[in-house]
Amino acid sequence: MNLSSPENFESLPPTDVSVGGESLTVDKAIANLAGADLGLRFYAAWWLGRFRVNEPQAVTALIEALTDEDDRTPEGGYPLRRNAARALGKLDDTSAVPGLIASLESTDYYLREAAAESLGTLGDVRAIPPLNILLLTELNGELIPQEGERKQPYDAILEALGNLGAKESVPYIQPFLQHSIELVQYSAARAMYQLTQEAIYGERLVKALAGDNLQLRRAALGDLGAIGYLPAADAIAQTLAENSLKIISLRGLLKHEVGQMTPPTPALSDNAIKVMKLMDSLL
């Protein structure tokens with residue numbers, strides 16, 4: 001286990017952290033979040049999510065921060081609300097769902113994005129209808145064109161619906177396979193595979209691994225790892241991208257394959273062993 005990796009670091013319990021010359025604890029972070037210093041409030045929201053402090057007082061304070069009016073950018077954004085929304089997605093407490101759903105109606109694009117991501121993580125089906133609405137309508141109620149500029153955080157919304165197992169959303173997701181932005185297409189393919197298990201959508205992401213744009217190849221690696229599409233293993237290992245990202249993607253495949261095995265299992269499957277060998281070859 002590499003304790004320096006972000007994943008392992010986030011799993012560690014909260015420790016004293018020096019902020020502005022003083023040691024930050026859970027109690028102090030919660031107090032800072034309710035204080036007057038906007039910088040300390042912003043950091044406290046991030047810190048509580050970073051260390052997954054799912055104590056009731058922390059969750060309550062973060063939910064209250066979703067309606068903060070003090071921390072605003074000149075463009076009208078809500079930085080503290082965004083941090084609070086992201087943090088709540090890490091705390092596994094569904095009491096945050098109503099506040100996050102309300103945040104989907106914000107005029108702040110990035111707050112809507114953070115709220116959608118967290119709702120997908122929390123896994124509460126109450127989020128499905130409002131997420132569907134964002135796919136279909138703008139805040140003023142007009143229909144969103146199938147192509148054109150991104151007026152909503154479509155990738156976050158689509159991925160959330162896939163994570164939520166929202167099979168009723170399939171008719172709303174399908175048009176985004178033809179969206180003008182390729183990243184949105186990938187998110188739609190990812191969600192469609194999760195909801196239908198049809199290989200055509202996984203293969204669409206595999207095809208993206210051979211594209212000319214490195215950023216898009218990286219995105220496809222992440223999507224394939226997230227859905228655990230095992231037939232992509234060889235293509236992932238051969239993708240022109242950083243080995244570290246390919247290993248993360250393959251780890252997603254391995255996690256999914258092992259999760260499909262019924263315990264107790266006497267041995268790993270041939271597919272799991274193959275993925276592990278591919279990972280070893282990239283070290």
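1. Arg-41 sits in helix α3; helices here are DSSP runs of H or I with at least four residues, strands are E runs of at least two, and both are numbered from the N terminus. With a relative accessible area of 10%, Arg-41 is buried (buried is under 20% relative accessible area, exposed over 50%, partly exposed in between, using a 1.4 Å probe and protein chains only). Its side chain gets to the backbone oxygen of Gly-35 at 3.5 Å. That is a polar contact, meaning a pair of N or O atoms within 3.5 Å; within protein, one must be able to donate a hydrogen and the other to accept it, and residues adjacent in sequence count only if both atoms are side-chain atoms. Setting aside residues up to four places away in sequence, Arg-41 touches Asn-32, Leu-33, Gly-35, Asp-68, Asp-70 and Leu-80, where contact means heavy atoms within 4.5 Å.

2. A word on the basis of all this. The model is predicted, so local features need pLDDT of at least 70 and side-chain atom pairs count only at pLDDT 80 or more, while totals for chains, interfaces and linings use all residues. Residues are numbered from 1 along each chain as its sequence is written, and side-chain values use heavy atoms, with hydrogens and water left out.

3. Now the rest of α3. The helix has 13 residues and spans 18 Å from its first C-alpha to its last, close to the expected 18 Å at 1.5 Å a residue (the expected span is 1.5 Å times one less than the number of residues). At its start, a side-chain oxygen of Asp-37 comes to within 2.9 Å of the backbone nitrogen of Gly-39. After the helix comes Arg-52, with a positive phi near 50 degrees.

4. How do α3 and α5 pack? The axes of α3 (residues 38–50) and α5 (residues 79–88) come within 8 Å and cross at roughly 10 degrees, which makes α3 roughly parallel to α5. Axes are lines fitted to C-alpha atoms, for helices over the stretch in contact, and angles run from 0 to 180 degrees between N-to-C directions; under 35 degrees counts as roughly parallel, over 145 as roughly antiparallel, 65 to 115 as roughly perpendicular and the rest as oblique. On the α3 side the residues are Arg-41, Phe-42, Ala-45, Trp-46 and Gly-49, and they meet Pro-79, Leu-80, Asn-83, Ala-84 and Ala-87 in α5. By class, the α3 contact with α5 has 7 nonpolar, 2 polar and 1 charged residues (Ala, Val, Leu, Ile, Met, Phe, Trp, Tyr, Cys and Pro count as nonpolar, Asp, Glu, Lys and Arg as charged, and the others, Gly among them, as polar).

5. α5 also packs on α7 (residues 109–122): the two axes come within 8 Å and cross at roughly 10 degrees, so α5 is roughly parallel to α7. Arg-81, Arg-82, Ala-85, Arg-86 and Leu-88 of α5 meet Tyr-110, Leu-111, Ala-114, Ala-115, Ser-118 and Leu-122 of α7. The class count for α5 with α7 is 7 nonpolar, 1 polar and 3 charged residues.

6. Two loop residues to look at for phi. Asp-92, in the loop between α5 and α6 (97–103), has a positive phi near 55 degrees although it is not a glycine, and it is exposed at 67% relative accessible area. Gln-197, in the loop between α11 (182–196) and α12 (199–208), has phi near 60 degrees, again positive in a residue other than glycine.

7. Ser-169 lies between α9 (154–163) and α10 (170–173) and touches Ile-128, Asn-132 and Leu-161, not counting residues up to four places away in sequence. Gly-228 lies between α13 (214–227) and α14 (233–238) and, leaving aside neighbours within four places, contacts Gly-252, Leu-253 and His-256.

8. Ile-247, in α15 (residues 243–260), counts as buried at 19% relative accessibility. Leaving aside neighbours within four places in sequence, Ile-247 contacts Met-279, Leu-282 and Leu-283.

9. Overall, the protein chain has 16 helices and 2 strands, and buried residues make up 48% of its 283 residues.
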